[in-house]
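Colleague: I am new to this structure and would like to understand the terms used for it. May I ask how each description is reached?

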2 protein chains.
Amino acid sequence: MDARSLTLGGAALGVGATLLAWHSRVGRASSAQLVPSDLNQWLVEAQYAVRGPILDVANDFKRRLKAGEKLPFDELIYCNIGNPQSLGQKPLAFNREVLALVTNPALLESDKARALFAPDAVRRAEMYLKNIPNGLGAYTNSQGIEVIRQEVADFIERRDGFPADKDSIFLTDGASAGVRMLYQVMIDSGAGNDGMLVPIPQYPLYSALTTLFNANLVGYLLDEAQAWGVTVAQITSALTAARAKGIKVKAIVIINPGNPTGQCLSLDSMTEIVKLCARENLVLLADEVYQENVYDPSKEFISFKKLVRTMGAGTEAEQEAAKAVSLVSFHSTSKGFIGECGIRGGYFELDNLIPQVKEQLYKLASLTLCANTHGQITTGLMVNPPRKGEESFAEFEAQSGAILASLKRRANLVSTKLNELEGVSCNAVQGAMYAFPRIDLPDGALRKAREQGMEPDAYYCMAVLKNTGIVIVPGSGFKQAPGTFHFRTTFLPPEAKMESVMSRLAAYHTQFMAEHKDGKGEL
Amino acid sequence: MDARSLTLGGAALGVGATLLAWHSRVGRASSAQLVPSDLNQWLVEAQYAVRGPILDVANDFKRRLKAGEKLPFDELIYCNIGNPQSLGQKPLAFNREVLALVTNPALLESDKARALFAPDAVRRAEMYLKNIPNGLGAYTNSQGIEVIRQEVADFIERRDGFPADKDSIFLTDGASAGVRMLYQVMIDSGAGNDGMLVPIPQYPLYSALTTLFNANLVGYLLDEAQAWGVTVAQITSALTAARAKGIKVKAIVIINPGNPTGQCLSLDSMTEIVKLCARENLVLLADEVYQENVYDPSKEFISFKKLVRTMGAGTEAEQEAAKAVSLVSFHSTSKGFIGECGIRGGYFELDNLIPQVKEQLYKLASLTLCANTHGQITTGLMVNPPRKGEESFAEFEAQSGAILASLKRRANLVSTKLNELEGVSCNAVQGAMYAFPRIDLPDGALRKAREQGMEPDAYYCMAVLKNTGIVIVPGSGFKQAPGTFHFRTTFLPPEAKMESVMSRLAAYHTQFMAEHKDGKGEL
């Protein structure tokens, strides 16, 4: 596998099918004012598979089912995206109580109303309102509400054992908005020769933003044979090849726990990455949104911030690396056990960036004024849950514990069931919310896909959707080692249903493999 | 005045002072990973005056006051931004009740809790939850929740008398996010020769986004002598000059009612603009976020959508223009009488755009998944307020009526008081939330400003801030006809305080003028 073939930009890898499907959906110009070539060509080229053509087809099926049409399935099962509450996960009661109170502070004025809420929810709401005297309806500081940035800093300190600074934290409308901001600040789009090191497979946000801001995607392969581990050798090889082409590589994205791949990085691997970033002058963008989602008891989440601080007191070489490295870490209210995707909350922390980065981030944030206030409050609630001794603690522990335990059982179930399928192999899901199994597709499937101008795994996923109603995303949307095929599935359907979803998938998979052995399969 | 001098891009007009102040705040690089020249130079060049250096100084004063320092004033009065709830405006009770219920649906399960809310708020919350079965914690359609897009479409139909299509509406995190999306789709940043026609003076979002996405700012002057009217002659002159330079002008921004200028456009003027857009192949971007904020009884807000539909049944020339024009109109929950700035809600409606624009907008929206759900609900509440006969109607009418009546009185007060000041002239405020008076600054002030490398109006605003605590924004941040100076002030402080704010300003203004007549003034 030649890493150079991965450095050609967002459109270069396995996107033929989605590109094709995309173009087939857009009609002729009907207006005098613009023609398609007028549009932002970087945006036109950008791909975002998680909500791409497969989802459009799925939504069309959903409409047809609702209209009474008879299809091979009764309902759509959306396993395309980590959206837990869309599949029945309940929000945490404490969080929603506080949110309701700060939304409608009039409730705090009547004893009858206060009595309906947990006393610690009332106290928390009062704390927020005392510190946000204008309430949730006023624009906040563009960097985020100060008291919540302090809550985030305190959380980081508790988690890592090292202090954090509220003034290095930005509250954002979800982690994706934060990543977009960092990309927009760090990539000099006009220069056109910047590069971003991104894991292959990756979460498609990264490839899409790379294309959108006119940088080069420099992909480094994760090692599927080693539980999707990150190796410095792969990164170095990709980096060297990119530099040989004149690409100025600015930063590296590390997703830990991995999306779509579910691995939790080892301390050794992370240490090597930090040293490499220091040595090679790369900003480290740490996507740590799944930090609460670790299922393998032999693994634990360690933040890059903690590691860098620990290295700062380590060997001389470690100290040097820790001193040199620039780190940005991202977190989100959408994952973990709170799963508040729709509310759009999150933060990023800057560590050892030049001050101009913060200045420019602040200006960029101020253009759209501030992150939404409910998302900011939800971020505070995520990082500052009820403590032992508080009234909501037991309920909070029970709810969050049940969610995580169930996710863990489902993670195991999914990888086990996938590994039982012919031609499918799936690494154990150590963390995050996804399995990313490899499929060895039969020749008939490859041929059929080619005939239809689709990527083979997109062909497979479309067949699964059309026959089972299960929505999964082709590996080509995440990029993958050439010649390999995968798909990503969440394991977020309710536990009671998960087993039947896997059986339905297994039954159709067997049929698909049989039908395509002799090349007779039809989509 | 030569319109060509306005077409040189975002950095060309009256931004010396802010640029200087900006650069003076950024220190030396402290990290090995990036140097300032690595950053996105388009972002570095972009200016956003509303939250620029003046606000930084103001916030510093605020901290010093809080720390007990003695300053020439006891409090900061933030008149720099249209942020009504930060200055004491109360949110509408009905809206906050519905929001609290949909945030914490458990409240709907107990009779005791239901009894605390208005029955129509309960019904509305139940309607939303029925149509959003996963609640507010799930990602929504990237275009926005369908039932709310339908509410928006119904609102437009009631307002304009012509039908609207929910599928042409995108819900956004405030109008600014919507404008950013349209800019990012329509400007081909890589081409580098696109142009955007923007009024001078303008809301700085437009100049900032123009620079950020590598387009040319093509400014057309509003006619201050004619109540800040838009004239086709000025637009044509700017357009011709820009085209002579090879600039491909894509769109024109019309802000109505005007920001910072407060004018309400006449039907005749709007008709001419639509014809011009059709003739000159310009997408019409209609910023209509102040549509509820009209104070002049002889004026009324007419949407461009309504006008275009009306023209569609008019003379042959009108029909032709209406058929050709591509229109995008923006609205926000932050303005009007609801003033829910922090919640970040809004929408835009596409009318007669090529389908590729919607496709690309959808993809762009999907990169950050969806607009925040509380903002989406708040947009629904804005466009679908309590109706006659519903339980909350009387309270809603009283609250919203009182807010608008008070804004109207304050609009009149501010322009009257400003016109009493030496060297100040201010057009009557027909609408929006701002006055934009012209100041004839004495020679001493011009000289002092020049000595300090500041724009003269920035010098004036800084002096006002340092002596009164009143935060106003220099006209140079909005751009203005060369050789003229202005400032923008909101009239959002509470009515009881507004008179004393104006007196404080008047007293210092008199002192400033006297001190600078002989050139002895000091900042």
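Colleague: What joins strand E3 of chain B to strand E5 of chain B, and do the two run parallel or antiparallel?

Modeller: The model is a predicted one. In it, strand E3 (residues 194-200) and strand E5 (residues 248-255) of chain B are joined by 4 bridges and run parallel. At least two bridges are needed for two strands to pair, and these strands have 4, so they count as paired. Within this pairing, Gly195(B) is placed opposite Val249(B) of E5(B).

Colleague: What makes E2 and E4 of chain B the edges of the sheet?

Modeller: The sheet is open and has 7 strands in the order E2-E8-E7-E6-E5-E3-E4 (chain B), with mixed pairing. Strand E2 (169-172) and strand E4 (216-221) each have a single partner strand, so one side of each has no neighbour in the sheet. From one strand to the next, the twist averages 20°.

Colleague: Which helix of chain B packs on strands E6, E7 and E8?

Modeller: That is helix H12 (residues 304-311) of chain B, which touches strand E6 (283-287), strand E7 (327-332) and strand E8 (346-351). The direction of H12 makes about 150° with that of E7(B).

Colleague: How do you know that chain A agrees with a compact globule?

Modeller: A compact globule of 523 residues would have a radius of gyration near 24 Å, and chain A has 23 Å, so the two agree. The C-alpha trace of chain A spans about 70 × 60 × 55 Å along its principal axes. Of its 523 residues, 59% count as buried.

Colleague: Which residues touch the most other members of the largest nonpolar core?

Modeller: That core has 347 residues, and those with the most contacts to other members are Leu197(A), Val274(A), Leu284(A), Leu197(B), Val274(B) and Leu284(B). Beyond its neighbours within four places in sequence, Val274(A) has contacts that include Leu284(A), Leu307(A) and Met311(A).

Colleague: How do you know that the copies meet through the same surface?

Modeller: Of the interface residues of chain A, 100% are also interface residues in chain B, so the surface is the same in both copies. The contact involves 91 residues of chain A and 91 residues of chain B. Among the elements giving two or more residues on the chain A side are helix H4 (93-103) and helix H8 (174-186). H14(A) gives the most, with 9 residues.

Colleague: What makes the bond between Ile200(A) and Pro201(A) stand out?

Modeller: It is a cis peptide bond, with omega about 5°, whereas most peptide bonds are trans. Pro201(A) is in the loop between strand E3 (194-200) and H9 of chain A.

Colleague: Why is Asn281(A) called partly exposed?

Modeller: Asn281(A) has 18 other C-beta atoms within 10 Å. A buried residue needs 20 or more and an exposed one 12 or fewer, so Asn281(A) falls in between and is partly exposed. Asn281(A) also has a positive phi, near 65°, and lies in the loop between helix H11 (267-280) and strand E6 (283-287) of chain A.

Terms used: Residues are numbered from 1 along each chain as its sequence is written. Chains are lettered from A and ligands numbered from 1 in the order in which they are written. This is a predicted model: local features need pLDDT of at least 70, side-chain atom pairs count only at pLDDT 80 or more; totals for chains, interfaces and linings use all residues. Axes are lines fitted to C-alpha atoms, for helices over the stretch in contact, and angles run from 0 to 180 degrees between N-to-C directions. Two residues are in contact if their C-beta atoms, placed from the backbone, lie within 7 Å. A nonpolar core is a set of buried Ala, Val, Leu, Ile, Met, Phe, Trp, Tyr and Cys residues joined through C-beta atoms within 7 Å. The radius of gyration is taken over C-alpha atoms; the globule rule is 2.2 Å times the number of residues to the power 0.38.
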